[in-house]
Amino acid sequence: MASIQLGEGEKTFIIHGICKDDLRSDGRTCLSYRNFELECGVVSNTSGSARLKLSNTQVLVGVKAEMGPPNPLNPSRGGIEFFVDFSANASPKFAGRGGDELAAEISNMLGLVYKNKKMLDYKSLCVIAGQCVWTLYADIVVLECGGNLLDAIALAVKAALYNTRIPLVTVHKDMDGTEDIDVSSNPHDFVTLDTKNLPVLVTVTTVGSGHIVDATLEEEACSMACIVAAVNKEGAIDGMVKKGSGSLTIDSIYKMLTSAKQIGKDLNKSLDDFLSKKGSDMSSKGFLT
């Protein structure tokens, strides 16, 4: 992640506020999430897109649906692939190829989360089994990096997939049995994705003896470990990973996951409520709390 240098006095101020007073430097409690701004349908030459701004973190996601041959191991299922790119404006650290390692890490993490068959109905992306399927390419551009990047990316990806419109396809058989694919050119003939099972990512960060969600860059600089949990709408955890060099006790892991489940459930509800009202529009904007 983008890093920031803090003095020992600044770190002490942040840690004491969190551990002793349940008070953070921006006035939030430890488990308070900041409001974020979400726009859908912001990129015209994509199948679906979304831009999310969470304080000083800003992410743009564009999804393109393309037909092609299936994976030989799953001939009757479509798929999704993730590509992450860091703008040099996000942090001087990402200039040149500085963000490549982090981009690969995030792409792999999202790929593992979405690999679960229950996340999306990948069979509905099949056009002709063994011959042609839809593959979704999700391009993620990090425009600004101001903390809590993984959560912001996961929220934007879910919104962009909800906003995705896949052209209606019909398959005709010729007299000789050959199957022909007809892709509708009518922009109003499309199908959408069922995203109700897609999780959000919740990063729970340890600071001193306590833990917080939606950490700022300054708070991330005071932490040695965090847990990133994929949480679905029911508040169940679909996967998790521990990051950082610090150690965690069994008791602290349990408390962090308990917080992640509740925050993830609330985030999913807020996001799903917004998307059900505005997410399928070609251009929509709103604030989520």
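Mentor: Let's start with a definition: two strands pair if DSSP finds at least two bridges between them. Strands (E, at least two residues) and helices (H or I, at least four) are DSSP runs, numbered from the N terminus.

Trainee: What kind of model is this, and what are its rules?

Mentor: This is a predicted model, where local features need pLDDT of at least 70 and side-chain atom pairs count only at pLDDT 80 or more, while totals for chains, interfaces and linings use all residues. Residues are numbered from 1 along each chain as its sequence is written, and side-chain values use heavy atoms, with hydrogens and water left out.

Trainee: How do I read strand pairing, and how many bridges join S2 to strand S3?

Mentor: In general, strands of a sheet pair through backbone hydrogen bonds, either parallel or antiparallel. Here S2 and S3 (residues 57-68) run antiparallel and are joined by seven bridges. As one example, glycine 48 has valine 63 in S3 as its bridge partner. The two strands make a hairpin with two residues between them, and serine 55 in the turn has a positive phi of about 55°. S2 also pairs with S1, in the antiparallel sense, over four bridges. There, glutamate 37 has lysine 53 of S2 as its bridge partner.

Trainee: Is strand S2 largely enclosed or open?

Mentor: Buried means under 20% relative accessible area, exposed means over 50%, and partly exposed lies in between (1.4 Å probe, protein chains only). Six of the seven residues of S2 (residues 48-54) are buried, so the strand is largely enclosed by the rest of the structure.

Trainee: Now a helix, please. How many residues has H1, and what does it reach from its first C-alpha to its last?

Mentor: The expected span of a helix is 1.5 Å times one less than its number of residues. H1 has 14 residues and reaches 19 Å, close to the expected 20 Å. Its buried residues are Ile14, Gly17 and Ile18. Seen down the helix axis, these fall within an arc of 90°, so they line one face of H1; the arc is that of the directions from the axis to the C-beta atoms. On the face turned away from them sit the exposed residues Glu8, Gly9 and Lys20. Just after H1, aspartate 22 takes a positive phi of about 50°.

Trainee: What covers the buried residues of H1?

Mentor: The cover includes strand S11 (200-207), strand S12 (210-213) and helix H4 (217-220). S11 and S12 also belong to an open, antiparallel sheet of four strands, in the order S12-S11-S13-S14. S12 and S14 (237-243) stand at its edges with a single partner strand each, so one side of each has no neighbour in the sheet.

Trainee: Finally, how do I read a single residue? Where is the place of arginine 34?

Mentor: Arginine 34 is in the loop between helix H1 (8-21) and strand S1 (36-40). Its relative accessibility is 12%, so arginine 34 counts as buried. Next, look for polar contacts: pairs of N or O atoms within 3.5 Å; within protein, one must be able to donate a hydrogen and the other to accept it, and residues adjacent in sequence count only if both atoms are side-chain atoms. The arginine 34 side chain makes one with the side chain of aspartate 214 at 2.7 Å, and another with that of serine 55 at 3.4 Å.

Conventions:
Contact means heavy atoms within 4.5 Å.
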